[in-house]
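Open your viewer and get ready to select residues by number. This tour goes one stop at a time.

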Amino acid sequence: MSAKSAINKELFTPHDEKMLVAVQVKRRTKKKIPFLATGGQGDYMTFICLSGGSALNGLGDRAPLGLLVGAVTNKKPSHVSITKVKQFQGSLSFSKRSMWTIDQLRQVNGCDPNRDCPEFDLAFDNAFDQWVAGSAGEKCTFIQILHHTCQRYSSQSKPEFVNCQPKLLGGNSILHSAADSVTSAVQKASQALNERGERLGRAEEKTGEMKNSAEQFAVTAHKLAMKHKC
């Protein structure tokens, strides 16, 4: 089972939530953590989750290797939160850590509005993190869905999205792309059927012409046969 599927099954499904997107990340700059705060648990992976539904409690303050995950409740959520999820080395389970509501999200920085890149920043009321996603594509998908979710569910002032490519802020372009692909496939299929219909039509015309020629030949042959018989 992939990490994304495991996170969804372990942390979101039990709370009637649905994961929308996941992207693995690492910090661009190492955060200074006091020795005692590490708890000696070693290396870890960090996941940041966009989720909705019941309140998320019992979050600690320790964090390791990163992945951003998006989720919303199957029904319209009363609130949407961004939660830091971690998996420590040697552990098969995931744990929820720091949490913010999307109303506490102040800014999403895409770092480069002119090209796809894996870097992005998240700024909250009381926190600021600089991330590097596993790939530019994963980061773009996450920001696009985060933007759409903020536009739909933010109850107060919406967060600022800066240095993001226009394609990420234009709505459900992923869904639009899928719809365009389906439309294109339908158009191609329709064109193929039309061309096939035209070919069948021409074949029917040729068949009709051949039939007429055969009938005329039969009549002529019959007349010649009767003439020679006489």
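Helices (H or I, at least four residues) and strands (E, at least two) are DSSP runs, numbered from the N terminus. Keep that in mind for each stop.

This is a predicted model: local features need pLDDT of at least 70, side-chain atom pairs count only at pLDDT 80 or more, and totals for chains, interfaces and linings use all residues. Residues are numbered from 1 along each chain as its sequence is written, and side-chain values use heavy atoms, with hydrogens and water left out.

**Stop 1: the whole chain**

Show the protein chain as a cartoon. Four helices and nine strands make up its elements. From the N terminus on, the order is α-β-α-β-β-β-β-β-β-β-α-β-α.

Now colour by burial. Buried means under 20% relative accessible area, exposed over 50%, and partly exposed in between (1.4 Å probe, protein chains only). Of the 230 residues of the protein chain, 33% count as buried. Next, show the surface. Accessible areas come from the Shrake-Rupley method with a 1.4 Å probe; for residues, only the protein chains shown count as cover. The accessible surface of the protein chain is about 13,900 Å², and 54% of that belongs to carbon and sulfur atoms.

Contact means heavy atoms within 4.5 Å. Among contacts in the protein chain with a separation of 6 or more, 61% are between residues 24 or more positions apart.

**Stop 2: strand S2**

Select methionine 45, which is found in strand S2. Its relative accessibility is 24%, so methionine 45 counts as partly exposed.

Now pick tyrosine 44 and lysine 86. Which residue lies over the face of tyrosine 44? Lysine 86 does, at 5.8 Å from the ring centre. The rule: a charge sits over a ring if NZ of Lys or CZ of Arg is within 6 Å of the ring centre and within 35 degrees of the ring normal.

**Stop 3: aromatic pairs**

A pair of aromatic rings is described by the distance of the centres and the angle of the planes. Rings of Phe, Tyr and Trp (its six-membered ring) pair if their centres lie within 6.5 Å; planes under 30 degrees apart count as stacked, over 60 as edge-to-face and the rest as tilted. By this rule the count is four aromatic pairs.

Select phenylalanine 47 and phenylalanine 94. Their pair is edge-to-face, at 5.3 Å centre to centre with 80° between the planes. Phenylalanine 47 lies in strand S2 (residues 44–52) and phenylalanine 94 in the loop between strand S4 (80–88) and strand S5 (95–101), so the pair ties together parts 47 residues apart in sequence.

Move to phenylalanine 120 and phenylalanine 142. This aromatic pair is tilted: 6.0 Å centre to centre, 40° between the planes. Phenylalanine 120 sits in strand S7 (residues 119–124) and phenylalanine 142 in helix H3 (residues 136–153), so the pair links distant parts of the chain, 22 residues apart. Both of these phenylalanines are buried.

**Stop 4: helix H3**

Stay on H3 and select its 18 residues. From first C-alpha to last, H3 reaches 26 Å, close to the 26 Å expected at 1.5 Å a residue. That expected span is 1.5 Å times one less than the number of residues. Buried residues in H3 include Phe142, Ile143, Leu146 and Cys150.

Histidine 147 is buried, with a relative accessible area of 12%. What does histidine 147 contact, leaving aside its neighbours within four places in sequence? Phe161, Leu168 and Leu169.

**Stop 5: strand S6 and its partners**

Two strands pair if DSSP finds at least two bridges between them. Select strand S6 (residues 105–109): four bridges join S6 to S7, and the two run antiparallel. Leucine 105 has phenylalanine 124 in S7 as its bridge partner. Three bridges join S6 to strand S9 (residues 160–162), and these run parallel. Glutamine 107 stands opposite glutamate 160 in S9.

**Stop 6: two loop residues**

Most residues other than glycine have a negative phi, and most peptide bonds are trans. Select cysteine 111, in the loop between S6 and S7. Its phi is near 75°, a positive value. Cysteine 111 is partly exposed, with a relative accessible area of 30%.

Finish at asparagine 163, in the loop between S9 and helix H4 (173–229). Phi of asparagine 163 is near 55°, also a positive value.
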